[in-house]
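Hi there,

Here is the model I promised to pass on. Have a look at it first, and my notes on its charged pairs follow below.

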Amino acid sequence: AAGVSTIVAPTAPARAQAMSFSKSVDLTHTLWPDFPTFFGEPGLEMERMFSFEDDGFNQYRWHLVEHTGTHMDAPIHFSADQNAADEIPVDKLVVPLVIVDIAARAADDPDAQLTPDDIEAWIESNGDLPDGCCVAMHSGWGEHVRSDKFRNADEDGVMHFPGFHPDASAMLLERNVNGIAVDTMSLDHGPSQDFATHYSWLPAGRWGLEAVANLADLPAVGATMVVGGPKIEGATGGPSRIIALV
């Protein structure tokens, strides 16, 4: 009897599903020497080393405070032994973006905070928080970045701007959320004396972004955030290029 052989066709290689987006939005403010800072002192000095006119090329030396401009707070910023900026896995820096809008409340109350109620209202309107997302507070404060209102310090030096309520960060710690972001200069609101949000969020191995721009240009859900954080050994954070893909 003739033998019967079976020919098995080679399996086609699996194809990754293509991702597409229709636009990109820059969530980064331009950093200049007088960008408002938490301590009120310039965070950037640019020292010219070479000029095109004299040397045939341009080059500056930067004297830079890590937490200046649109920047990352790495977990090590408020902890003893968590990841520095260069140690954050890159797959935790490309994430779904959730935007919680408290701009109307912040317009009336500069000390407004994003609360668990705001998160619950967002979930009721948009569904569950996407796995691994960044939750961003849109307070409208980015409009003030070129004025004294960004710091909004009173006669006693106390600043007044919105931030995350510690109860909101505690709520998000129970979810698969990689980062939180604000359009103000601190994760905690301006009058905070204990930095409770920083001290709960960052030591848990999560990252934060401060002074994020253009959140009003994005939907509440559906964008992907790409965090171009600093890859400097041991950095506690640093100016970052943040992009949203929609």
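The notes below go through the salt bridges one by one.

This is a predicted model, in which local features need pLDDT of at least 70 and side-chain atom pairs count only at pLDDT 80 or more, while totals for chains, interfaces and linings use all residues. Residues are numbered from 1 along each chain as its sequence is written, and side-chain values use heavy atoms, with hydrogens and water left out.

The structure has three salt bridges (a side-chain nitrogen of Lys or Arg within 4 Å of a carboxyl oxygen of Asp or Glu).

One of them joins Asp26 to Arg241, at 2.8 Å from N to O. Asp26 belongs to strand β1 (residues 24-26) and Arg241 to strand β13 (residues 241-245), so this pair ties together parts 215 residues apart in sequence. Helices (H or I, at least four residues) and strands (E, at least two) are DSSP runs, numbered from the N terminus. Arg241 is exposed at 51% relative accessibility, whereas Asp26 is partly exposed at 29%. Here buried means under 20% relative accessible area, exposed over 50%, and partly exposed in between (1.4 Å probe, protein chains only).

Between Glu47 and Arg61, the closest N and O atoms are 3.4 Å apart. Glu47 sits in strand β2 (residues 44-50) and Arg61 in strand β3 (residues 59-64), so the pair ties together parts 14 residues apart.

Asp118 is in helix α3 (residues 116-126) and Arg105 in helix α2 (residues 103-108). Asp118 is buried at 14%, while Arg105 is partly exposed at 35%.

Best wishes
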